[in-house]
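Please read the points below alongside the sequence and the coordinates.

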Amino acid sequence: MPLDLAGGPPIDCDLHPALPGCMALLPHLDAHWREVITNRGLDDLDLALFPRGAPLTARRDWRPQQGLPGGSLEALRREALDPFGTGIGICNPLFGAPALHNADLAAALCRAANDWMVTNWLEPEPRLRAGILVPVENPELAVEEIERRASDPRFVQVLLFGAAETLYGRRVNWPIYAAAERHGLPIALHTGSAARNAPTALGWPTYLIEDHVAFAQTFQSQLLSLIGEGVFTKFPRLKVVLLESGFGWVPNFLWRGVKMWRAMRKEIPWVDRSPAEIFRECVRISIQPADAPTDAEGMEALLEMIGCDDLLLFATDYPHARFEGTAALPPALPARLHARVLRENALATYPRLSSPDARGAAAPEALKRPASI
C-alpha cells in the first residue's frame, strides 16, 4: 500500500543500523576496556534471533554484496529514509552487549555503542534519533547510562531486549522506569533475548521459526508482569513500546487479562483499573511485522476488539524482510488510521520528537508538513 504523506512525513519507529562488532567500538572505550576487548578477540555480538545470513535478517534488495545490511548511513538513507519520505527515524541497534554476564563489560559496551551511534549516525543525519542501549541485568548501571544520555534529546527511548533474566515487572527493575519516566523516555522492548531462559514454557525450541513465533508469548508475559506488579500504577506517565511483537494476539491477551483480573484482583489491589484500560493508555506497538488480517472486514474486526486507535506506530523494521517495495502498511489498514499510524501516534508517544533539539538536529524541520507531495 503506498504511503499517504498528506499528513506530513512518516516517523519510522524501528530502524536497525548495523553495529559491526566490538572492534568498531574501540575508539569509544577507555584503555582498560580496549585492552580487554583486544586481548580476548571479542568482536561479533549478534543476537541468536537474527543470524547475519538468515533471510529474515535482511530483505534481498537491502542486502549488500559486501558488508552488513544497514551497515552504512548512505544505505539507510537510500533504502529506508528517502523511499518512504521519512521525517524522523528511530534507530535501535540490535547489539548483544546487554546479554553479557559480565555487568561491567556490558555497561562499557552499551556506553560505547551509544557514543558510536552519536558519532556515526545522529551527528551526520539530522532525521535520526535513537534508543539508549542499557545493561538491563544491572539496573544501577542501566540508570547510570540513562542519566548520562538523557541530556541529549536525540535519544528518545530506553531500549531493552524483550527477554531478560527476570520478568520486567519485578521491583528490582523499577529504578530503570523511574529514570525513564523522569526524563520522558518510553521503554522499548524489542524482540531479542539474553538467552538465559528458555523462550517457551516447555523448554528450548529447535528451529528459528519457533523462536520468532513463540516470542509473542514473551511479550505477553512481560506485559502481564508490568501490569500485575504495578509498574503502571507506580509510574503512571510511563509508556512501553513493543517492537517487532506483532499485534494479532492483542484481543485474546486483553480478554483473558480482564477476565482473570475480575476474578483475582484482590491479589493485586494496586492494579486499580482493568488491564485492558492500562494497556490502551500505556502500551504502543510497531506496525511490523503485521500479523493481521489481509481483508478489510477482518482488519476492522481486529481493530474493534483492540479498541485503541492510538496503539500502532509506523515502522519499516529496516533491514529485516517484512514486505516488498514501500508497502510497509498492512494492506487492509483503514484509511482513517493512516495519519495516526504514520505520524500522530508517534508524536503522542515520544515527547522528545516535538521538542527543540539542543544539538542542531532538525527535529522541528523534519516534523513540518512537506510543501508538496
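**Notes on the predicted model**

1. Ring pairs join Trp 62, Phe 84, Phe 314, Tyr 318 and Phe 323 into a cluster, where rings of Phe, Tyr and Trp (its six-membered ring) pair if their centres lie within 6.5 Å, with planes under 30 degrees apart counted as stacked, over 60 as edge-to-face and the rest as tilted. The model is predicted, so that local features need pLDDT of at least 70 and side-chain atom pairs count only at pLDDT 80 or more, while totals for chains, interfaces and linings use all residues. Residues are numbered from 1 along each chain as its sequence is written, and side-chain values use heavy atoms, with hydrogens and water left out.

2. The search of the whole structure gives 10 aromatic pairs. One of them, Trp 62 with Tyr 318, is edge-to-face, at 4.9 Å centre to centre and 65° between the planes. Because Trp 62 lies in the loop between α1 (31-40) and α2 (73-81) and Tyr 318 in the loop between β8 (312-313) and α11 (338-349), this pair ties together parts that are 256 residues apart in sequence; helices (H or I, at least four residues) and strands (E, at least two) are DSSP runs, numbered from the N terminus. Trp 62 and Tyr 318 are both buried, a term that means under 20% relative accessible area, against over 50% for exposed and partly exposed in between (1.4 Å probe, protein chains only).

3. Phe 84 and Phe 314 form a tilted pair, with 6.4 Å centre to centre and 55° between the planes. This pair also links distant parts of the chain, since Phe 84 is in the loop between α2 and β2 (88-91) and Phe 314 in the loop between β8 and α11, 230 residues apart. Both Phe 84 and Phe 314 are buried.

4. The charged end of Arg 265 sits over the ring of Trp 261, 4.2 Å from its centre, and Arg 171 lies over the face of Trp 270, at 5.7 Å from the ring centre. The criterion is that NZ of Lys or CZ of Arg is within 6 Å of the ring centre and within 35 degrees of the ring normal.

5. In helix α9 (residues 275-282), the buried residues are Pro 275, Ala 276, Ile 278, Phe 279 and Cys 282. Seen down the axis, they fall within an arc of 160°, so they line one face of the helix, the arc being that of the directions from the helix axis to the C-beta atoms. Their cover includes α6 (208-228), α8 (250-264) and β7 (283-286), contact meaning heavy atoms within 4.5 Å.

6. The largest nonpolar core has 121 residues, and those with the most contacts inside it are Phe 95, Leu 109, Tyr 177, Ile 187 and Ile 285. Such a core is a set of buried Ala, Val, Leu, Ile, Met, Phe, Trp, Tyr and Cys residues joined through side-chain atoms within 4.5 Å. Helix α3 (residues 103-122) gives the most to this core, with 12 residues. Leaving aside neighbours within four places in sequence, Leu 109 is in contact with residues including Cys 22, Leu 45 and Phe 95.

7. Most residues other than glycine have a negative phi, and most peptide bonds are trans. Asp 317 has a positive phi near 60° and counts as buried at 0% relative accessibility. Glu 244, which is not a glycine, has a positive phi of about 65° and is buried, with a relative accessible area of 6%.
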